Amino acid sequence: MFKKTSNTGKWMVHFGNFTTRDLAFIGMIVALMFIIEMVIMLGVAAITPFPGAKSIGQAFFISIIIAVGLAKVTKVGTFTIIGIIMGVVAGLIMPAFLPLLPAAILGGLAADTVTKIFYGRYGSRNSLVVACGVNQMVETLLILTIMVVFGFSTEIINPIMILITAILATVLGAAGGLIGSKIATELQSAGAIGN
Amino acid sequence: MNMENAFSYNTSYVGEDSPVHRMDPRIKLGLVLGTTLLSVFLQNVAWLVTLVVMLLALSAISGTLKKMTKFLGLFFLFAVLTVAIMTLLTRNFIYSLEYFSPFFLRFGVMVTAGMLFAFTTSPNHLSQALQKMYFPAPLSFTLTVTLRYIPTLANEAETIFNALRLRGVYPSNWDVIRKPSYLYRGMIIPLFIRILKLSDEIAIAAESRAFNGGNGRSSLKNIKIGRNDLFFSLTMIMFCFVLMVMDKGTFSLI
Amino acid sequence: MINIEKLEYHYPHTSKPALNSVDLHVNKGEFILVTGKSGCGKSTLACTLNGIIPHISGGDMEGKVVVNGKNTKNFTVFQMAQEVGFIFQNPESQFFNLQVEDEVAFGPENLGLDPEEIDKRVSKALHDVKMTFWRKHNVFNLSEGQKQRVNIAANLSLNPELLVLDEPTSNLDLPGAMELFQTLERLKNNGKTIVLIDHRTQHVKKLVDRVIIMDEGKIIHKGGKKLLHDPEAMKKYSIRNPTHLTTMVKKFNAYNTSNISHNTSKVILEVNNLSYQYSNGFALEDVSFTLKKGEILGIVGNNGSGKTTLAKVLAGLLKPGKGTIIFFPEDQGGNKISMAHKLGMVLQNPDHQLFMNKVHTELSFGLSELGFSLEEIESRVEDILSSMNLSKLRNRHPHSLSSGEKQRTLISAFMTRQPHLLILDEPTTGMDSYHMNQLVGEIMKLQGDGVSFILISHDIEFLLKTTHKLIFMENGKIIDEKLTEECYNFTANLKVHNHFKV
């Protein structure tokens, strides 16, 4: 997917093996993620000063949705696309928090890489659990580190706090992946996802 | 609970117009990146405040200030709460305020700049700008779908919620903890069924109208960087430069 | 223009063919109506015309489909797009842009044309559907009929010779449908070939050149437009035909009125001066009516007249700004009965309302919240399963059912709560006459058991067959109230159409 080829003199990345159906579906998945993220942000983050709360609060639910998306599309690269789109939406549009852009992209890329190495494609329960866990870990670590760079109180965020938050997010992410794979199985029985 | 209203900001561009709306999205993107980076660099609270005021002035020009206040208010509440909690912990209000104001001002710069971009750039312009910046064309389509369907999905979620209520199930926070199946059964499954159906319809509709991965698309309205855009960028660069110099040359006001 | 030979098609993972030895030849400039029962394969046939089948849907396709000299097997959907315009049921879910002109430009932009050419095509397409005035408007602020015309323009901008329309009128009210058919007439006169998939035939009689009737994936009848004037044939192939209602309606009305003619039935619902206002300014104003036990009330009006808002307020989904809703006004303390026992409401799209993974658990969903014991729930569900004819489907996944079965499951789910009133919002959207009559039968049966109904619909045929009383709404107000019998005479005089603002 990240093969770069020269086409009419311009460098571009090829997403040739993603069909229009896949692309539209991923778009909808991100739209749903965004809605849930907004609800959690208004509900959770507004009442606590600890910035990691949002990461923990969303890890589980967001991972459920991503896992269903991965189970439907199955192609490696899906997570990166989700990361890029989510990053652009959350980083530039709402809540316009720029650091989310690199964090989301790198989180997706990390999950894709791990899946490529260990599973080859998404589909099995384990691949979904691992991918969602890895994504949450990388994303949380990055976000919180960037907060420190921005000058957030190191009395509230210190390395140990960051580590604990990341571990919690990872566990919740993996749990979300597990639920997501269950949902995907049910959607198959409803005839909504083909094999 | 009117979900559609809460997420309707990206279906309300048509008819809106201002010098800021007409600006090339790439310039506005530069403004977001530039001011964010600058805010990390600035140490002095006064100049950070100046930067925020400048961005608010721009949003006032674009006529989006009112829309923004709702979100900025929430952000402000977050900041006040944080300082309050910190005061409780340290029993020192001035210290807490000093400690947090640069952080929240930087945060504020970023959020204001981001919203200025979001509220004055239509999804159509955004995807065109991204395409010009070598953003992969298929992803541009995915982004369009995401932005276009956020309000639709919020609406779908509301309808599903209504259907639950009609069955006598009022999922409150407590119910969800007591019986997580209500969230799972009541919201997630029907939402996914809708997403799967809608995305298939979208894909078929797009291909029926000659969409082929988005490579080689042209555009009815081409965005291009004009004289106004250049003038604006120059002003902004000068403004930021002055702020930087001032910041280095003065002592902390607080 | 179209040449189909020995076409056979199986959807993925199915053994029954969705299309079976279909042969069809269509000449340039013809207007073809393809009709038949739900699930007869007419939409499937449409999807083969631009290669959605087999390229997007998958499955096995045998035989040959050639459109304008292109074999769909060798050309993908986006390559066929310049030959075939494809218009779907619900335009709104397929708009990618906010502004009308951007939406119409989407196709030509995909072809990579230069801006001047795109602009020319957009202007022409909008002119062809008479939407030029709306060029700079937001698509979401248009009426349903206008949206569907924008949708047609968005296809016309690719200059296709053939237009395929798959049930384009099912979300449209009468004025919207009339506008659409006027547009189609113009396009026909401009020489376009048009294939219309629909089970409503009242509007197309003038335009159609040939009628194709399908059943079980086969073409079972081909004929000229005379077919649409033959009541026997219409009945045989269960095609909707509201102009031949006379006998049916009389029969049903005789049955209806005998039940409540004594006027001794208790009033179960009294609505006084109800008002509601949305933030966008649209309001429900001063609505009052009463409903008796076993009475069926129809609410009629164009899209956006406030019918659904009224139903939502009645069902407690929206809080009324002013006015009162009183259940069982004759009984003291009638309002103590729980909401779920008072009424049930079936929303338009079943997909939003089915939650469980089996039909029988769907019926018991939420019952425990109402304080029933497990045995009670069990026995109620069993009763309803057998009385609503769902026993065979009890272990199926509700989302895998057909749309008629889904609706039956939903009505049953509310029946387990033994409500006094059921509200159905547009229950016949996309229904053929066979399934509509089945629904009419179900409603009549429940009405016989003493359940009252409020039916929201712009399906005149359905309303005339079921209701005792009709309320006409416009701009959030009740503008008229009539007994259905009176309205029937109206239809004969075509006066009822005044209420639909034609």
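**Exercise 1. Find how many residues of chain B are in contact with how many residues of chain A, and how much area the two chains bury.**

Solution. Counting a contact wherever heavy atoms lie within 4.5 Å, one finds that 64 residues of chain B touch 60 residues of chain A. The next step turns to buried area, which is the accessible area (1.4 Å probe) that two parts lose on being put together, summed over both. Between chain B and chain A this area is about 5,400 Å², and carbon and sulfur atoms give 82% of it. On the side of chain B, the residues that lose the most area to chain A are B:Phe103, B:Phe192 and B:Leu196, together 12% of what that side buries.

This is a predicted model, in which local features need pLDDT of at least 70 and side-chain atom pairs count only at pLDDT 80 or more, while totals for chains, interfaces and linings use all residues. Residues are numbered from 1 along each chain as its sequence is written, chains are lettered from A and ligands numbered from 1 in the order in which they are written, and side-chain values use heavy atoms, with hydrogens and water left out.

**Exercise 2. Describe where B:Val40 lies and which residues it is in contact with.**

Solution. Helices (H or I, at least four residues) and strands (E, at least two) are DSSP runs, numbered from the N terminus, and B:Val40 belongs to helix H3 of chain B, residues 25-41. With buried meaning under 20% relative accessible area, exposed over 50%, and partly exposed in between (1.4 Å probe, protein chains only), B:Val40 counts as partly exposed because its relative accessible area is 26%. Once its neighbours within four places in sequence are left aside, B:Val40 is in contact with A:Val149, A:Phe150 and B:Arg106.

**Exercise 3. Describe the secondary structure and burial of chain A.**

Solution. Chain A has six helices and two strands, and along the sequence these follow the pattern β-β-α-α-α-α-α-α. Of the 195 residues in chain A, 58% are buried.

**Exercise 4. Why does the radius of gyration of chain C agree with that of a compact globule?**

Solution. The radius of gyration is taken over C-alpha atoms, and the globule rule is 2.2 Å times the number of residues to the power 0.38. For 502 residues the rule gives a value near 23 Å, and chain C has 24 Å, so the two agree. The C-alpha trace of chain C spans about 75 × 50 × 45 Å along its principal axes, and its secondary structure comes to 17 helices and 19 strands.
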